[in-house]
Amino acid sequence: MHRSFFTVLLSAVFLLIVLVTFRLHESLHDTQSETIGRTMQYDAAWNGANGRLEFYQLIASAQKFLLDPSETNLRDTELRYDILVSRISVWEGEGFQAFLGTRPDLREVFNELKHSLTDLESSLRDLSDPARLETFLATLEDLKPNLDRLASEAYRGNLELNATAHADLLESFRLEALFFIGVLSFETLLLVIALLQNNSLSAANRRIRKNAEELAFLAHNDSLTGLPNRDYFKDILKETGNTDAQDHEIAVFALDLDGFNVINDTVGHSGGDALLTAVAERLKRRAVRLDSRNVVARLGGDEFLLLVHKGHGAPGFDEIAGSIIDWFSEPFRTEAGNMLVHASVGYTVVTPNEEDPQNILKDADLALNAAKAGGRGGIAKYDLDMRQLLEQRTWIEKELDFARWRNEIVPYYQPQIDLESGEVVGYEALARWDHPRRGLLGPDAFIKIAEISGDIAWMGEGILRAACTDIQQISTTARVSVNLSIAQLVGTDIVSTVKRVLEETGLPPRRLTLEITESIAMLNEDLIFDALRELQKTGIAIALDDFGTGYSSLSKIGQFRWDELKIDKSFVPENQGNEVLFAIVEFLRKISRQIDCKLVVEGVETEAQRDLFAKLGCQIAQGYLFGQPAPAWNFMDAQAENVRQTAGKQLSRR
Amino acid sequence: MGRLFLCTLTIKLILIFCAPSHGQSGQAILSVSGNIAAGQIDLTRDDLERLPQSQIRTGTPWHKGIVTFEGPRLSDLMKMVGASGETVEVIALNDYSASLPFSDFDAFNPILALKENGQFMTVQSKGPLFVVYPFDDRPELKTKLYFARSVWLVRALKIN
């Protein structure tokens with residue numbers, strides 16, 4: 001705004017100066033022409049001088065005649081007289097009169113001269129008479145001063161005229177010089193301004209370029225570590241694939257830090273950032289030491305990408321993966337203190353026919369997921385199954401939408417037997433997906449995906465509602481167990497959902513058991529336990545599922561008053577079992593007694609196993625021995641058919 | 001060229017057959033010399049009057065008011081005497097002289113005036129011949145240069 005105003009002002013001033021310059025120049029030019037013209041005008045001095053000369057020639061001629069009174073001399077004297085008269089007539093012309101007009105004193109001199117000369121004309125006829133000639137000469141002699149004066153004054157007047165013209169011209173030239181200097185100064189000023197502006201433009205240009213470079217750096221690099229970001233990494237990958245792939249192999253490693261969230265929670269975000277910076281530095285240093293062409297990028301969070309080149313004779317990528325894991329064996333020194341963190345690494349070898357960096361990154365990420373699934377410090381190499389798994393997953397996510405509206409996800413029930421009485425005391429509702437083309441899918445195939453996609457909310461509620469309804473048709477006394485997923489507990493208002501479903505289906509709360517896995521319980525989330533307690537108050541039983549599989553220590557069992565502990569099926573021995581197992585189960589039985597909860601065993605497949613756990617003190621058992629998971633109608637029919645038969649007889653028939 | 005030659009020849013024949021007569025009008029008033037056909041020739045007022053007469057009405061610094069001058073064009077006179085050259089030196093009775101370029105004759109058509117306001121000019125009135133440029137018609141002539149070429153009391157021409 002300021003700049004444009006300045007430009008307009010400058011232009012206006014410039015235009016004004018050009019106009020003034022033009023007018024001034026014109027006027028100067030006119031003055032000079034006029035002045036020069038003046039000096040070229042009629043010259044009275046010249047005229048005066050010639051007149052004086054003619055006068056003296058007349059005198060000379062007359063004197064000659066006096067000495068030699070010949071006819072020729074007489075004629076000459078007459079001619080000289082005529083010439084002088086002619087001169088007088090010239091002096092009567094406008095040019096000389098203009099000069100005389102400025103000098104009244106000279107006009108008198110001229111008039112006197114003119115009259116005296118006219119008077120002499122008559123004497124001219126009698127010049128042969130010496131006396132007349134004498135008078136003639138005397139008169140001329142008297143006129144001498146007049147002519148001298150006229151001539152010299154005319155000359156002086158002309159000098160003055162010329163002097164004035166000269167002065168005028170000088171003044172005009174001086175003005176022109178001044179004017180020229182002015183224009184030159186102004187132009188210099190303009191030039192300086194233009195240069196300054198150019199300078200500031202250059203500076204602005206430099207600033208803009210610097211900003212653009214910074215922006216480009218920001219766009220290409222991670223602001224925390226300065227490492228390339230995902231997009232830039234992809235560009236580099238594409239470039240590398242285009243040029244280098246032929247003579248050696250390259251692989252993309254995806255890496256993330258194990259338990260980084262815990263570190264972040266412990267040392268705060270600044271500490272976490274300090275760790276990430278230190279990790280980035282070490283990764284880059286070591287990666288470049290392996291091969292100068294290697295590139296390290298940060299995806300965000302605690303995820304890093306490495307582009308690794310492998311020349312001939314270099315160690316294999318698996319070895320390189322191993323050494324990358326080793327880079328984390330020493331603590332990282334940061335401002336927030338020394339920190340030890342481990343990493344998991346997944347990698348994929350870039351094949352020449354895979355050109356899309358996006359796919360390569362996806363493969364590396366899949367491999368990383370696989371590596372993490374294998375526990376801390378894991379290494380995995382991408383293989384095709386991983387992508388198929390991913391494709392399966394994507395497919396399921398898409399299909400879940402249809403499943404909801406086609407009501408394809410239904411509970412199957414597996415009976416639970418009281419080991420003392422042998423009666424069916426409950427059923428565990430297990431989610432099954434009755435897919436029209438794929439057939440029956442177990443929960444492993446879709447529950448985790450549904451948890452991530454959020455489909456678990458409607459799915460969980462659907463299973464719960466179906467279970468609460470079905471159980472009342474299957475039995476009048478048996479309980480039903482329904483699994484709760486972490487997503488239901490955290491993401492939804494589970495308490496009111498359960499209460500509402502119970503109310504709507506009319507199932508008494510005491511007939512419902514909700515199972516949560518040990519891994520959920522170990523999260524130690526107060527909110528989860530608050531919800532569970534709330535549900536427990538209404539009479540619903542809460543079971544700890546998959547007990548013994550996670551990282552949990554036994555002491556944690558005491559944190560909640562569990563109604564059931566479900567021993568994981570991995571504890572069920574194939575044969576007779578051993579002393580250690582017995583000791584563990586015996587220990588669990590004691591605990592369960594102490595905290596007043598039932599001990600349930602899953603995966604019982606043989607009578608021997610049933611007898612074993614019965615002997616060890618488990619109250620309830622579940623497994624193929626007592627029946628595979630089956631749709632509700634199966635049990636309704638069975639119940640009608642065997643309404644008076646005991647469960648024991650049923651079992652023995654199998 | 002042929003035309004100029006023919007014209008010159010014609011004028012010469014005229015001059016031969018009309019030999020200068022005596023008396024006031026028969027007296028030679030102009031002597032032409034230098035680079036001309038005849039080498040040197042004296043012309044009377046009659047000779048000059050036989051050429052086509054031209055008038056110039058103009059004011060001059062040497063006269064009062066507007067004056068009508070009459071006389072032959074200098075260009076015609078040059079043709080008549082078969083002059084060839086660059087300049088004409090015009091010489092006056094008072095020994096004043098000026099050099100007139102031929103180019104002036106075609107550019108401005110100056111005349112060698114015999115008459116001023118219908119009267120033959122005498123020596124006392126800047127006669128008998130007066131080189132007159134058309135100052136009023138061509139104001140650019142009003143400079144010292146052309147004033148100096150305006151010779152009065154003309155008595156001779158010398159073609160250079």
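**Exercise 1. A strand and its neighbours**

*Solution.* The model is a predicted one, in which local features need pLDDT of at least 70 and side-chain atom pairs count only at pLDDT 80 or more, while totals for chains, interfaces and linings use all residues. Residues are numbered from 1 along each chain as its sequence is written, chains are lettered from A and ligands numbered from 1 in the order in which they are written, and side-chain values use heavy atoms, with hydrogens and water left out.

Step 1. Helices (H or I, at least four residues) and strands (E, at least two) are DSSP runs, numbered from the N terminus, and two strands pair if DSSP finds at least two bridges between them. By this rule β12(A) and β13(A) pair in the parallel sense over five bridges, and T517(A) stands opposite D545(A) in β13(A).

Step 2. Strand β14 (residues 564-567) of chain A also pairs with β13(A) in the parallel sense, here over three bridges, and E564(A) in β14(A) is the bridge partner of A543(A).

Step 3. Buried means under 20% relative accessible area, exposed over 50%, and partly exposed in between (1.4 Å probe, protein chains only).

**Exercise 2. Salt bridges in chain A**

For the pairs E92(A)–K114(A), E171(A)–R174(A) and R561(A)–D563(A), give the distance between the closest N and O atoms and the accessibility of each partner.

*Solution.* Step 1. A salt bridge is a side-chain nitrogen of Lys or Arg within 4 Å of a carboxyl oxygen of Asp or Glu, and the structure holds 41 of them over all chains.

Step 1. In the salt bridge of E92(A) with K114(A) the closest N and O atoms are 2.4 Å apart. E92(A) lies in the loop between α3 (71-91) and α4 (94-101) of chain A and K114(A) in helix α5 (residues 104-124) of chain A, so the pair ties together parts that are 22 residues apart in sequence. E92(A) counts as buried at 18% relative accessibility, whereas K114(A) is partly exposed at 28%.

Step 2. For E171(A) and R174(A) the corresponding distance is 3.2 Å; because they are three residues apart in helix α6 (residues 130-220) of chain A, about one helical turn separates them. E171(A) is partly exposed, with a relative accessible area of 36%, and R174(A) is partly exposed at 45%.

Step 3. For R561(A) and D563(A) the closest N and O atoms are 3.6 Å apart, with R561(A) partly exposed at 48% relative accessibility and D563(A) buried at 18%.

**Exercise 3. The interface of chains A and B**

How many residues does each chain bring to the contact, and what is the area buried between chain B and chain A?

*Solution.* Step 1. With contact taken as heavy atoms within 4.5 Å, chain B brings 21 residues and chain A 25 residues.

Step 1. Buried area is the accessible area (1.4 Å probe) that two parts lose on being put together, summed over both; here the area is about 1800 Å², of which carbon and sulfur atoms give 53%. N94(B), Q124(B) and K144(B) supply 35% of the area that chain B buries against chain A, more than any other three residues.
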